[in-house]
Every structure is written in C-alpha cells, then in structure tokens.
Amino acid sequence: MLIYALPRLDIGHGATLPAIFGIVWICFALLVVAAHLHRILGVDEETEKELARVRTVSRRQREQWMSGKLSRALGARKQ
C-alpha cells in the first residue's frame, strides 16, 4: 500500500493541508511497517520469556494461597 500510495501523495507543495496529510500518512505507514518488522525479527523474545516466567511464578503463588485458604477452611469445619 505504501508503494502504491507514495507517488500519488501531494507532499511537495509547502505546508498545505494535503501535504500535511501526506506526511502524517507516511509516518503512520512507516510506523506500521516498523512494528511488523520488530515483531517478525523477534526483538522482544527475551522480554516475552521473562513475562512468561513471571506469569508462571504468579500462578504458582496464587495456587499456594488458594490451597492454604482451602485447607484452613476445611480445618475450621472439622473442629
């Protein structure tokens, strides 16, 4: 889409409304391309691994907390 639209944008005639629109449109298109490349190249791979580790630890802590609550509740019922 960028290759198709770039030659048709009117950006060389000063600070007119169509020129500003063209510049902003190109910036957004380049931002989308950069985000896709960032994802494809796996730049955040280490961050994703760290987040997965944090989620696992958090899930284990919640399970331990819930099992403690459950065992206390069942212990109170027996008494």
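This is a predicted model: local features need pLDDT of at least 70, side-chain atom pairs count only at pLDDT 80 or more; totals for chains, interfaces and linings use all residues.
Colleague: How many helices and strands does the chain have?

Modeller: Both kinds are DSSP runs numbered from the N terminus: helices are H or I with at least four residues, strands are E with at least two. Along the sequence the pattern reads α-α-α. That's three helices and zero strands.

Colleague: Is the chain spread out or a compact globule, and what is its radius of gyration?

Modeller: The radius is taken over C-alpha atoms, and the globule rule is 2.2 Å times the number of residues to the power 0.38. For 79 residues the rule gives 12 Å, and the chain is well over that, so it's more spread out than a compact globule, with a radius of gyration of 27 Å. The C-alpha trace spans about 85 × 25 × 20 Å along its principal axes, but the value you asked for is 27 Å.

Colleague: What share of the residues count as buried?

Modeller: Buried means under 20% relative accessible area, exposed means over 50%, and partly exposed is in between (1.4 Å probe, protein chains only). Of the 79 residues, the buried share is 9%.

Colleague: How far apart in space are L30 and Q64?

Modeller: L30 sits in helix α2 and is partly exposed, at 46% relative accessibility. In sequence, L30 and Q64 are 34 residues apart. From C-alpha to C-alpha, the distance in space is 47 Å.

Colleague: Which residue forms a salt bridge with E48?

Modeller: A salt bridge here is a side-chain nitrogen of Lys or Arg within 4 Å of a carboxyl oxygen of Asp or Glu, and a search of the whole structure finds two. The closest N and O atoms are 2.7 Å apart, and the partner is R39.

Colleague: In which helix do E50 and R53 both lie?

Modeller: Their side chains meet in a salt bridge, 2.7 Å from N to O. E50 is partly exposed at 40%, and so is R53 at 47%. They are three residues apart, about one turn of the helix, and both lie in helix α3.

Colleague: Which residues make the nonpolar surface patch, and what is its area?

Modeller: Patches use residues with over 30% relative accessible area and no salt bridge, joining like charges within 9 Å and nonpolar side chains (Val, Leu, Ile, Met, Phe, Trp, Tyr) within 5 Å. One member, L41, lies in helix α2 (residues 17-41) and is exposed at 66% relative accessibility. The patch is made by V33, L37, I40, L41 and V43, with an area of about 520 Å².

Colleague: And which residues form the positive surface patch?

Modeller: Lys and Arg count as positive and Asp and Glu as negative, with His and the chain ends not counted. R59, a patch member, lies in helix α3 (residues 45-78) and is partly exposed at 43% relative accessibility. The patch is formed by R55, R59, R60 and R62.

Technical notes: Residues are numbered from 1 along each chain as its sequence is written. Side-chain values use heavy atoms; hydrogens and water are left out. Accessible areas come from the Shrake-Rupley method with a 1.4 Å probe; for residues, only the protein chains shown count as cover. The place of a charge is taken as NZ of Lys, CZ of Arg, CG of Asp or CD of Glu.
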